[in-house]
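Hello,

Here is the structure you asked about. Please open it first, then read the notes below.

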Amino acid sequence: MKILQALLGAVAAVSLFAASASAQNYPERSITMVVPFSAGGPTDTVARLVAESMSKDLGQQIIVENVGGAGGTLGAGRVAQADPDGYTILLHHIGMATSATLYRKLAYDTLNAFEYVGLVTEVPMTIVARKDFEPTDLKGLIDYVKANKDTVTVANAGIGAASHLCGMMFASAIDTQLTTVPYKGTGPAMTDLLGGQVDIMCDQTTNTTKQIQGGTINAYAVTSPARLKIFPDLPTAVESGLADFQVGIWHGIYAPKGTPAEVTERLSKSLQLALKDQNVTARFAELGTEPSSEADATPAALKAKLGEIARWKPVIEAAGQYAD
């Protein structure tokens with residue numbers, strides 16, 4: 001028995017040493033970054049910019065893989081079940097906090113299934129409408145929507161998407177139930193808004209900037225605390241009379257629970273460098289957003305951000321729009 005125990009102890013020690021050595025040499029091959037939404041969407045755009053820069057620092061390619069479906073929970077679930085070795089990571093947005101309420105049965109425990117790497121960016125939202133929509137400012141839009149709530153349609157990119165969350169908060173803020181039209185992705189939703197098939201959308205600047213600049217849609221407000229440099233003439237929702245209406249779609253990077261601390265720390269340091277990359281900062285600026293600070297691109301800051309589960313719970317419950 002003593003011999004067996006000694007052998008088991010030796011095997012455990014060797015395994016621990018091997019795991020430690022592997023973590024210290026990380027990464028030794030390419031890394032898969034799962035994006036739980038379709039290619040070409042706002043979150044995908046953010047992921048590819050960051051992945052390209054982090055790849056240079058890490059000396060290994062980060063391959064972005066789109067695993068869409070179920071409001072981002074399919075991709076998140078896949079990473080939750082992946083080997084905790086740092087070679088499968090997740091870049092997700094605020095949906096990590098809202099899915100805990102939107103989905104009453106999740107395949108993973110949001111707060112306990114992941115290790116945290118850091119925050120990437122917090123993208124402002126814009127309240128926009130089809131080009132020929134009658135209202136000319138946000139106050140007029142709110143009055144019009146309230147008077148025509150049975151006919152006005154609000155597009156979103158699907159249950160759990162940023163546009164869906166912002167749309168719910170808008171309806172809650174003006175205390176009016178609206179008819180929502182979910183699409184399978186941001187692209188189709190924007191296409192129908194451009195074509196006039198739907199009336200309103202509330203979506204990230206990463207998706208609406210080009211259309212606003214091109215004058216192909218009407219823009220009423222941004223949801224950031226202050227006006228954006230890219231749209232200095234576009235007022236904030238608060239300025240326009242929608243008190244306390246501030247929504248930012250933050251993005252963060254996660255790894256499976258049990259990933260060695262040395263690995264998550266290496267990824268965090270790489271993320272911090274990537275967010276100082278001139279190409280990343282310039283492209284983010286073009287999209288109406290900014291990189292997270294070095295203090296926010298950390299495991300602790302991302303973990304704290306998931307406290308927003310409590311913020312969104314009453315909004316979702318009041319809307320009664322569950323995904324299951």
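Strand E4 (114-130), strand E9 (248-256), helix H10 (278-286) and helix H12 (308-319) each supply at least two residues of the lining of the largest pocket. E4 gives the most, with five residues. Helices (H or I, at least four residues) and strands (E, at least two) are DSSP runs, numbered from the N terminus.

This is a predicted model: local features need pLDDT of at least 70, side-chain atom pairs count only at pLDDT 80 or more, and totals for chains, interfaces and linings use all residues. Residues are numbered from 1 along each chain as its sequence is written, and side-chain values use heavy atoms, without hydrogens and water.

The largest pocket has a volume of about 610 Å³. A pocket is an open set of points on a 1 Å grid over the protein atoms alone, where a 1.4 Å probe fits, with protein on both sides within 12 Å along at least five of seven lines; lining residues have an atom within 4 Å of a point. The volume is the space filled by probe spheres set on the points, which are joined across faces, edges and corners. In total, 29 residues line this pocket. Glu122, Pro124, Ser224, Leu228 and Glu290 lie nearest its centre.

The second largest pocket holds about 320 Å³. Its lining has 26 residues, with Phe37, Ser38, Ala157, Ala161 and Gly185 closest to the centre. Helix H2 (42-58) gives the most to this lining, with three residues.

Now phenylalanine 170. Beyond its neighbours within four places in sequence, it contacts (heavy atoms within 4.5 Å) Ile127, Leu138, Leu141, Ile142, Leu178, Leu242 and Phe245.

Best wishes
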